[in-house]
Amino acid sequence: MTLSDFGKKFTERSGILDLMDDLSLALQGSEKKYMLGGGNPAHIPEVQQVFRKRIEEILRTPGALEAMLGNYDSATANASFAEALAALLNSRFGWPIGPENIAVTNGSQTAFFLLFNLFGGRAGYITDTIVQDGSEGGGTRKRDRMQKHNRMQKIVFPLCPEYIGYADQGIYPDQFVSFPSRIEELENGFFKYRVDFNRLEIPKDAGALCVSRPTNPTGNVLTDGEVRELARIAAERGIPLFLDNAYGLPFPKIIFEDVHPYWDENVVFSMSLSKLGLPSVRTGILVARKEIVRAVSAANAIANLANGGIGQILVTPLIRNGEIIRISEEYIYPFYKRRSARTIQWIHEAFPKHLEYRIHKSEGAIFLWIWFKNLRITTKELYEKLKERHVIIVPGEYFFFGLSEPWDHSTQCIRLNYSGPEKDVQRGIEIIAEVAGAYTR
Ligand SMILES: Cc1ncc(COP(=O)(O)O)c(C=O)c1O
């Protein structure tokens, strides 16, 4: 088959495809696998119970199931869902928004695909030149369309490493620019990435800034000060700041630091139902000014026709009655906080000292990010060796896209998802300790 440039770029092997393949691999065969890769959220029984009850309620209500399954929903957002969510964000954070500020997509992954290509990529100003046609009435006609400029509008990531799922989403290969974070070593074998504002030079042709907060893969949470500074820089340049809040507030609240969510007219704040425990309903949410909501839903209608309504209909009453906040605070947050601490403990117990490992301070999300300072092999090679032992992790290399120069650090880190069954996570860590220990300098 003869593919277009788009076809070629989007069918090459990508990190996110490897990751999703590994996820399905874990479900195949009879051999025990230790699944510390992928981004599946934990199955928390109390939370599952709430969704089960809600589905039972839909089944009991005459016509509700048929309405949920039998109609196309909007390409923007389900009206009741958008109203309920805007009211919640308004009352909790005082954001001056209404339902017209909410756009839904089939997962926030899709939202970012649309955003990156609406605001990034080839951008020419096509202008029509109007000339007199010489007729008596002074009529005019359009002359040829003139392409005045042709430039590559960039999406800028100020905190690299960043989410693997962004890496291949640009239609053009040179659409993304990242800046290496500053590494701050902390006490007790921890470290933290900071935005290196001294090195952050926003290119002239930037179309948007983007950060995930909490950050996938590292569990970093940008401070309120860092977010305000990024918002200021974006506003000064007249470009939007995308704040990816897939793990943050007000739900699912997998965030362990006392920070505040941020929104202004220049910010596109994204949320997702996935990490609540509903990845399969594919519901992503953007909070943005009306103009951006309209642009996203126009592109969404072309690519997706409509959004799936199941997730929105499932959670709307839970947003209205505050249940979504209650399950986030009472079950989801404590589960991940406790599990993160235990996983760190297992790592300290299992990892030999000569590994010279550091752990990124766990401030949120469902991952631990480990930096091996003393490994003889790259983390991609380590990933292959671990796979032979049936342990799946994600090698760090994929998260360092868009850099202008090579960075040694990019081959020294791995991401572990710590939300799976306890015994699997603990045993997986013991195997990592053995394998990595054998390849240490
Ligand atoms: C930071 C971040 N953004 C976006 C997504 C996409 O999530 P979804 O498409 O399930 O909403 C993920 C998934 O893991 C993520 O970690």
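Start at the ligand: 14 residues surround it, and the closest are Gly107, Ser108, Gln109, Ser272 and Ser274 (near here is a C-beta atom, placed from the backbone, within 6 Å of the molecule). By class, this shell splits into 3 nonpolar, 10 polar and 1 charged, where Ala, Val, Leu, Ile, Met, Phe, Trp, Tyr, Cys and Pro count as nonpolar, Asp, Glu, Lys and Arg as charged, and the others, Gly among them, as polar.

Keep in mind that this is a predicted model: local features need pLDDT of at least 70, side-chain atom pairs count only at pLDDT 80 or more, and totals for chains, interfaces and linings use all residues. Residues are numbered from 1 along each chain as its sequence is written.

Now zoom out. The chain falls into domain 1 (5-47 + 327-438) and domain 2 (72-122 + 156-322), with bounds from an automatic or database domain assignment. Their centres, over C-alpha atoms, sit 23 Å apart. Across the boundary, 40 residues of domain 1 are in contact with 41 residues of domain 2, contact being C-beta atoms, placed from the backbone, within 7 Å. On the domain 1 side, H10 gives the most, with 6 residues; helices are DSSP runs of H or I, at least four residues, numbered from the N terminus. That side has 23 nonpolar, 10 polar and 7 charged residues.

Finally, the largest nonpolar core has 114 residues, and Leu85 and Ile102 are among those with the most contacts inside it. Such a core is a set of buried Ala, Val, Leu, Ile, Met, Phe, Trp, Tyr and Cys residues joined through C-beta atoms within 7 Å, buried meaning 20 or more other C-beta atoms within 10 Å of a residue's own. Helix H6 (residues 108-119) supplies the largest share of this core, 7 residues.

Conventions:
Two residues are in contact if their C-beta atoms, placed from the backbone, lie within 7 Å. Helices (H or I, at least four residues) and strands (E, at least two) are DSSP runs, numbered from the N terminus. A residue is buried if 20 or more other C-beta atoms lie within 10 Å of its own, exposed if 12 or fewer, and partly exposed in between; C-beta atoms are placed from the backbone.
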